[in-house]
Amino acid sequence: MPSEWANVRGGLDLHLDFDPAGHGRRAGLERALRAAIRDGRLAPGTRLPPTRVLAGELGVARGTVTAAYDQLVAEGYLSARRGAGTVIADVPVPAGNRAERQTRAVPPVPPVRHDLMPGRPDVSAFPVQAWLRAARAVLPRVETAAFAIGDPRGRPELRSALAEYLGRTRGVITDHDSIVITSGFMQALGLIARVLHDRGCAAIAMEDPCVPFHREVVRRAGPGVVPLAVDEIGASSDVPADIGAVVLTPAHQAGLGVVLGPTRRRALIDWAVSTGGILVEDDYDGELCYDRQPPGALQGVAPEHVVYAGTASKTLGPAVRLGWLVLPSRLVDAVAEAKFYADAQTESIGQLVLAELIRGHDYDRHVRAQRLKYRRRRDELLRRLARDVPEVRVRGAAVGVQLLLELPAAGPTEDEVVRLAAGRGVRIVGMRAAWHDDRPTRPGGIAVGYATPAAHAWSDALDALIDVLRTAVSAHAPGLRRRGSSTGGVGGNGVRRPERGA
């Protein structure tokens with residue numbers, strides 16, 4: 001009868017449909033190997049088990065395996081050299097096999113030489129050595145239970161470390177019992193939206209503009225999404241009727257880059273207190289403020305009316321997949337239950353290591369180093385824009401890892417600039433998708449992430465971006481101001497400054 005072999009004592013796991021009864025032992029082994037190679041299941045270069053080991057696993061004579069290998073070597077399917085073993089040869093894959101169909105289904109990806117996507121850190125600066133030290137310090141002493149399924153709120157070590165860190169750096173008022181660890185901000189937003197919807201929240205207001213896929217996360221969780229206008233002093237405090245929650249980025253507005261003004265902060269908190277609504281505070285870039293003391297978190301003013309959401313994606317890297325929700329007491333149990341049914345819990349090893357990084361202040365040191373590096377990059381980008389492309393204005397506050405570039409009215413559209421950039425291997429994005437609708441009257445712009453390139457690639461990426469902008473502006477508006485002309489109506493660093501206080 002057919003035999004499925006997938007466990008070889010030589011250390012290599014394989015799967016073969018071996019049918020000695022139907023074809024004979026040698027012929028059956030040849031057919032099984034030949035089929036696996038043709039289907040692409042055994043890739044070129046894959047080392048096959050020694051004949052003795054394979055013979056023992058299949059229950060056949062070693063000579064049978066040797067004869068099968070020799071036949072496939074003669075046919076060109078295998079390659080064998082003395083002392084190097086037997087490997088799959090580089091055989092052309094026949095048309096129509098599964099591997100080729102999968103390859104054809106993947107659309108071609110244009111080459112990207114300079115990645116300037118907004119909202120992303122320089123992942124090449126991940127603190128590898130500090131992470132390794134923390135892992136070596138914490139893993140040997142952690143109890144065995146840490147490697148099993150535990151509290152859906154997350155490891156108590158990380159929740160306690162975050163309670164101290166967030167209170168010290170962002171003014172958050174909490175303890176470890178009110179924190180739920182998530183797999184990043186997307187999951188955090190989805191969990192809170194689902195819980196609020198289950199409690200009768202039919203619609204959530206979200207800033208207009210905002211991160212596009214965050215709107216989709218909320219919609220898929222159940223609530224409808226209603227736009228909340230944003231201007232030079234942040235999100236409007238005129239919350240529409242029948243809204244149960246508002247999602248805000250007060251430290252650095254995710255679309256226009258402005259900081260929520262103090263009057264708006266107070267008005268939005270008053271709305272939450274008076275209506276029983278919830279403010280969901282996405283502390284977007286809260287740790288990366290360059291020219292001023294960052295305002296404290298909204299949560300510190302009204303802990304029972306604000307859900308505070310943070311993440312390690314900007315400071316360490318998106319691959320860490322660690323975020324956190326600081327919750328009003330009335331929502332903790334419901335969010336923990338939703339988290340349990342979402343994925344039981346966020347992985348524990350990374351939580352333990354991050355907790356150690358925070359306790360040992362290596363996390364603080366890394367954030368400070370990144371803050372200094374990103375500020376220098378931002379200043380350099382502003383100088384180059386003011387000198388080489390003064391027609392392009394910069395919007396927003398000196399916070400975060402990206403800039404919003406406002407194109408001249410008589411110049412190119414954002415789509416034209418993005419296409420030109422893509423053709424030159426520069427990856428940037430336009431603002432259009434950030435708006436809740438696509439009205440043509442929406443102001444356009446280009447979002448540029450100056451943190452994304454590695455240190456060695458930053459200079460070339462900056463040159464390429466400036467060249468794209470200069471080419472686009474020159475082609476569409478040859479009569480516009482040239483090099484060295486005034487930026488007009490813009491702050492001394494090339495940034496249009498928002499009004500204070502309102």
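# Close-up views of a predicted protein chain

**Overview: burial, secondary structure and surface of the chain.** Of the 502 residues of the protein chain, 51% count as buried (under 20% relative accessible area, with exposed meaning over 50% and partly exposed in between, for a 1.4 Å probe and protein chains only). This is a predicted model, in which local features need pLDDT of at least 70 and side-chain atom pairs count only at pLDDT 80 or more, whereas totals for chains, interfaces and linings use all residues. Residues are numbered from 1 along each chain as its sequence is written, and side-chain values use heavy atoms, with hydrogens and water left out. The chain has 15 helices and 19 strands, taken as DSSP runs (H or I of at least four residues for helices, E of at least two for strands) and numbered from the N terminus. Its accessible surface comes to about 22900 Å², of which 53% belongs to carbon and sulfur atoms (Shrake-Rupley method, 1.4 Å probe). Among contacts (heavy atoms within 4.5 Å) between residues at least 6 apart in sequence, 71% join residues at least 24 apart.

**Helix H11 and its cover.** Leu331, Val332, Ala334, Val335, Ala336, Ala338 and Lys339 of H11 are buried, and what covers the buried residues includes helix H8 (185-198) together with strands E6 (179-182), E11 (278-282), E12 (306-311) and E13 (323-326). Alanine 344, which follows H11, has a positive phi, near 75 degrees.

**The largest nonpolar core, around leucine 116.** A nonpolar core is a set of buried Ala, Val, Leu, Ile, Met, Phe, Trp, Tyr and Cys residues joined through side-chain atoms within 4.5 Å. The largest one holds 33 residues, of which Leu116, Leu381, Leu405, Val417, Ile428 and Val448 touch the most other members. At least two residues of this core come from each of helix H13 (362-388), strand E15 (402-406), helix H14 (414-423), strand E18 (446-449) and helix H15 (458-476), with H15 supplying the largest share, 10 residues. Leaving aside neighbours within four places in sequence, leucine 116 is in contact with residues including Ile428, Val448, Pro453, Trp458 and Leu465. A second, separate core of 32 residues includes Leu158, Ala297, Val320 and Val353.

With a salt bridge taken as a side-chain nitrogen of Lys or Arg within 4 Å of a carboxyl oxygen of Asp or Glu, the count comes to 38. Arginine 34 pairs with glutamate 75, their closest N and O atoms being 3.1 Å apart, and this pair links helix H2 (residues 25-38) to helix H4 (residues 62-75) across 41 residues. Arginine 34 is buried at 14% relative accessible area, whereas glutamate 75 is partly exposed at 36%. Aspartate 122 and lysine 373 also meet in a salt bridge (2.9 Å, N to O); aspartate 122 lies in the loop between strand E5 (114-115) and helix H6 (128-138), and lysine 373 in helix H13, 251 residues apart. Aspartate 122 counts as buried, at 2% relative accessibility.

**A further salt-bridge pair and a network.** The side chains of arginine 153 and aspartate 151 form a salt bridge with an N to O distance of 2.7 Å, and aspartate 151 is partly exposed, with a relative accessible area of 29%. Salt bridges also link Arg384, Arg387, Asp388, Asp463 and Arg470 in a network.
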